[in-house]
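Subject: Structure handover

Hello,

Here is the structure for you to look over. Please open it alongside these notes.

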Amino acid sequence: MPTIKIDGREIPFESGDTIIRAAHRAGIDIPHYCWHPGLSVAANCRMCLVEVLPPPGRPAMSLDILRWDAAKQDYVPAAKPKLQPACQMACASGMEVLSDNSDHVSEARSAVQELLLLNHPVDCPICDQAGECRLQDYWLEHQRKGKRMRQEPVHKPKAVTFGPTIVYDAERCIVCTRCIRVCNELARDPVLSVRERGNLGEITVSPGRELDHNYTLMTEHVCPVGALTSRDFRFKARVWFLRSARTVCQGCATGCNAYLDYDPRNNTPYRHRPRENMAVNTYWMCDEGMLSYRHAVEGRLLTALVGNDDASLDDALAAAKEQLAGHGDDPSKVAIVLSAQHSNEDNFALYHLATTYLGATDFFVSGKPLGEGDDILISEDKNPNTRGAVQIAAATPPRPVAELLQGIASGHYAYVVALGSDLEVDAGEAQRAFSRLKGVVTIAAHEGPLAKAARVALPACSWAEAEGTYVNGKGLAQRSERALLPHGDARPAWELIGRLGRALGYETGWKTLAELRRAMPPGAALGGAAGAAAPAAALGAAPAVADGARVEPKKTEATA
Amino acid sequence: MARATPSNTWTKPAGRPIAGKPIPRPTRSADVQAYIPEMVKGLGITMKHFFKNTKEMVLGQKPDPVLNALEPGVTTISYPEEKRPYPERFRGIHRLTLREDNSPRCVACLCCSTACPAQCIAIEPAEYPDGDRRKGYERYPSSFVIDELRCVFCGFCVEACPVDAIRMDTGLHAVPYDSREQFIYRRDLLMSLSDRSGSRLTANTRHEPGDPTHPGLSRDHADH
Ligand code: SF4
Ligand code: SF4
Ligand code: SF4
Ligand code: SF4
Ligand code: FES
């Protein structure tokens with residue numbers, strides 16, 4: 001593989017790589033604002049300037065300048081090398097680049113930083129970017145001086161509403177055009193553009209349009225400064241109080257890798273943001289997915305229900321035993337509903353209980369009905385683990401819930417043990433059907449038609465409160481970490497299933513997650529960290545961090 | 001009949017007289033009897049201090065005993081009535097400074113509560129209501145609570161505040177209340193305290209976005 005030398009260090013590159021891309025892959029950080037590994041190169045912020053040494057035997061490209069000489073108290077003629085933007089400059093074999101080792105580069109970085117901050121308001125205390133702002137970080141790293149301009153900065157509109165999700169502050173914008181490129185290249189909806197030039201430049205929405213495609217929150221996420229803020233997150237939390245857990249988005253079958261940022265002090269989630277995984281979502285997530293963090297606490301089933309009345313977990317388990325009394329007489333009368341909304345662990349626990357102890361043979365899968373999809377990220381299947389649930393029960397292929405209703409109508413079933421709360425069939429119809437059964441027990445994290453139809457419902461943890469493995473639409477198993485502590489009486493679904501089994505008088509073999517995972521078929525539970533899928537490594541994504549480590553919330557994108 | 005006190009090792013053993021050591025009395029010689037002039041001298045010193053203190057108290061001339069520690073004289077003050085002047089930079093009870101329009105300058109950035117080593121500041125940020133000219137890009141504390149009982153008066157919060165919204169220049173020290181609840185200082189109380197000159201504004205004014213003094217800001221299309 002050909003190599004280039006950065007600050008004396010040999011690093012390999014692939015043909016077509018730019019200097020910054022090769023450097024990032026090798027873990028060398030060249031400061032940048034406008035470059036984003038997932039977007040085209042604009043090269044307009046000039047923060048990434050580096051010195052490229054001339055090929056041997058050729059003169060250096062240089063510029064004649066006047067430099068202030070403090071001793072002579074006068075300007076003296078001097079020359080300085082012409083610096084190159086690392087984000088645009090293609091690598092060539094044997095190229096030598098000076099980044100941190102060049103005084104010219106340090107001077108340029110400091111000057112670029114001063115230029116960017118000329119008109120920038122020092123809004124940092126109210127700015128939601130504070131704590132993860134490139135301007136702050138690079139100021140500390142590369143400048144550490146006040147600005148020399150004493151005039152009033154140029155004032156531009158603040159708090160402009162761009163659309164239902166995004167607010168724009170033109171004063172803070174550094175016109176890096178990342179947001180424009182996200183709209184053009186990711187969402188393929190060119191709704192943003194720049195107007196005016198220089199000092200007056202600002203981002204504007206196409207006349208008659210709003211920023212309202214499915215990836216608007218990505219425009220906010222890629223903004224390296226606080227110019228774009230999400231109306232959902234702004235003024236809600238300060239990032240330095242947040243911790244991040246590496247989760248898998250529950251919005252659809254794509255299974256985008258995400259960070260769930262939560263405040264451990266009040267056990268509340270505040271936002272989802274994409275976590276790069278080249279095999280799944282690259283650097284992106286859709287709006288719905290990024291807002292779906294709310295489901296970790298909204299619409300939850302927080303106490304056990306017996307006949308729709310709150311009950312303690314023990315009472316509910318006793319009631320469940322009563323409900324299922326007589327299930328052993330004729331195991332073929334027991335129907336098991338797995339959930340495409342729950343993790344492999346939860347589904348396996350129920351499957352294991354059903355096949356090993358209850359003797360059930362009929363399996364069904366519940367989940368959200370199909371929705372809109374697109375050819376970017378969003379799948380039509382709105383369940384994160386359809387494939388996982390189907391794979392778990394592969395020996396007795398599971399069927400859709402509609403067939404369960406038919407089976408109930410024909411009097412085939414008397415008992416249902418179900419996981420999850422969503423149904424892709426009409427809720428009223430399902431409720432009528434379930435009411436004809438002898439016993440219905442549901443283990444669900446959220447309130448929903450299935451939880452409502454059940455006569456005993458046990459409160460399960462949502463994905464944010466329990467570890468779990470999810471298999472996305474492409475068949476990639478990914479692990480999601482626990483972020484929050486369980487709310488209310490919620491317990492992980494697999495644990496509730498174990499307790500239900502023990503209440504029914506069976507000796508289920510697992511009491512901890514590790515035991516359960518050992519019992520699972522290989523491949524159904526990932527051993528490693530979430531997103532450490534082999535294809536990602538093959539594509540050159542950064543290796544996933546060690547399992548269980550918490551990552552500081554930083555809006556860093558991509559170490560491609 | 002009263003019970004006899006049980007004997008223990010700490011009481012006098014019963015029945016045995018105390019053996020004292022006889023001390024010879026001094027003879028009444030003239031130099032021993034001549035204490036009266038000394039007594040009058042002592043009384044004189046007492047009276048001198050009495051009249052001096054009274055005069056200084058009446059005329060309000062009493063020198064500060066600590067500042068004048070090396071000078072001879074009285075080194076006490078009668079505390080609750082007389083108080084030592086606190087130094088200029090004394091860190092007293094906090095206050096929240098106000099803007100010209102009496103709104104809090106605090107932008108609920110949580111820098112002070114982040115810096116506070118005693119974790120005694122709790123702030124809830126909120127957005128300004130519709131129609132407010134600061135709505136949309138600035139927030140304010142809907143609740144701002146300091147637990148003065150936990151506070152260690154380190155002044156870190158004052159140092160941390162980027163907008164000079166919290167100060168400890170009231171000159172007040174913690175008052176001895178009788179319930180813990182009274183030490184929980186809330187936003188409105190903090191905003192009603194003034195500095196020693198009686199002002200509730202800050203001494204470091206600057207024009208801020210949203211203030212009428214702030215130049216050249218167009219908010220035409222800010223409509224949310
Ligand atoms: S964008 Fe960064 S530098 Fe600018 S106000 Fe926000 S936090 Fe401060
Ligand atoms: S809004 Fe943000 S992302 Fe868009 S051009 Fe301005 S600074 Fe760049
Ligand atoms: S003075 Fe110190 S302890 Fe007291 S509130 Fe401020 S930062 Fe906290
Ligand atoms: S008092 Fe100052 S530091 Fe504390 S939240 Fe308000 S503005 Fe921020
Ligand atoms: S990152 Fe290279 S010019 Fe902006």
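Below is what was found in it, site by site.

This is a predicted model: local features need pLDDT of at least 70, side-chain atom pairs count only at pLDDT 80 or more, and totals for chains, interfaces and linings use all residues. Residues are numbered from 1 along each chain as its sequence is written, chains are lettered from A and ligands numbered from 1 in the order written, and side-chain values use heavy atoms, with hydrogens and water left out.

UniProt (unreviewed entry) puts "domain: 4Fe-4S His(Cys)3-ligated-type" at residues 104-143 of chain A. Its annotations may be inferred rather than shown by experiment. That stretch is 57% helix and 0% strand. Its end C-alpha atoms are 13 Å apart. Helices (H or I, at least four residues) and strands (E, at least two) are DSSP runs, numbered from the N terminus.

The residues around ligand 1 (a heavy atom within 4 Å) include A:His120, A:Cys124, A:Cys127, A:Cys133 and A:Arg172. By class, the shell has 7 nonpolar, 3 polar and 2 charged residues.

**Salt bridges**

There are 40 salt bridges over all chains. The criterion is a side-chain nitrogen of Lys or Arg within 4 Å of a carboxyl oxygen of Asp or Glu.

A:Glu132 pairs with A:Arg271, closest N and O atoms 3.1 Å apart. A:Glu132 sits in the loop between α2 (103-116) and α3 (134-143), and A:Arg271 in strand β15 (residues 268-274), so the pair ties together parts 139 residues apart in sequence. Buried means under 20% relative accessible area, exposed over 50%, partly exposed in between (1.4 Å probe, protein chains only). A:Glu132 is buried at 6%. A:Arg271 is buried at 8%.

A:Arg479 and A:Glu467 also meet in a salt bridge (3.8 Å, N to O). A:Arg479 is in strand β25 (residues 477-480), and A:Glu467 in the loop between β23 (456-459) and β24 (468-471). A:Arg479 is buried at 5%. A:Glu467 is partly exposed at 27%.

In chain B, B:Glu181 and B:Arg186 form a salt bridge (3.0 Å, N to O). B:Glu181 is partly exposed at 49%. B:Arg186 is partly exposed at 41%.

**Cysteines in chain B**

UniProt (unreviewed entry) lists B:Cys116, B:Cys151, B:Cys154 and B:Cys157 under "binding site". They are spread over 42 residues of sequence but cluster in space, with a largest C-alpha distance of 10.4 Å. B:Cys154 lies in the loop between β3 (139-147) and α4 (156-160). B:Cys154 is partly exposed at 22%.

Best regards

Notes. Nonpolar A, V, L, I, M, F, W, Y, C, P; charged D, E, K, R; others polar.
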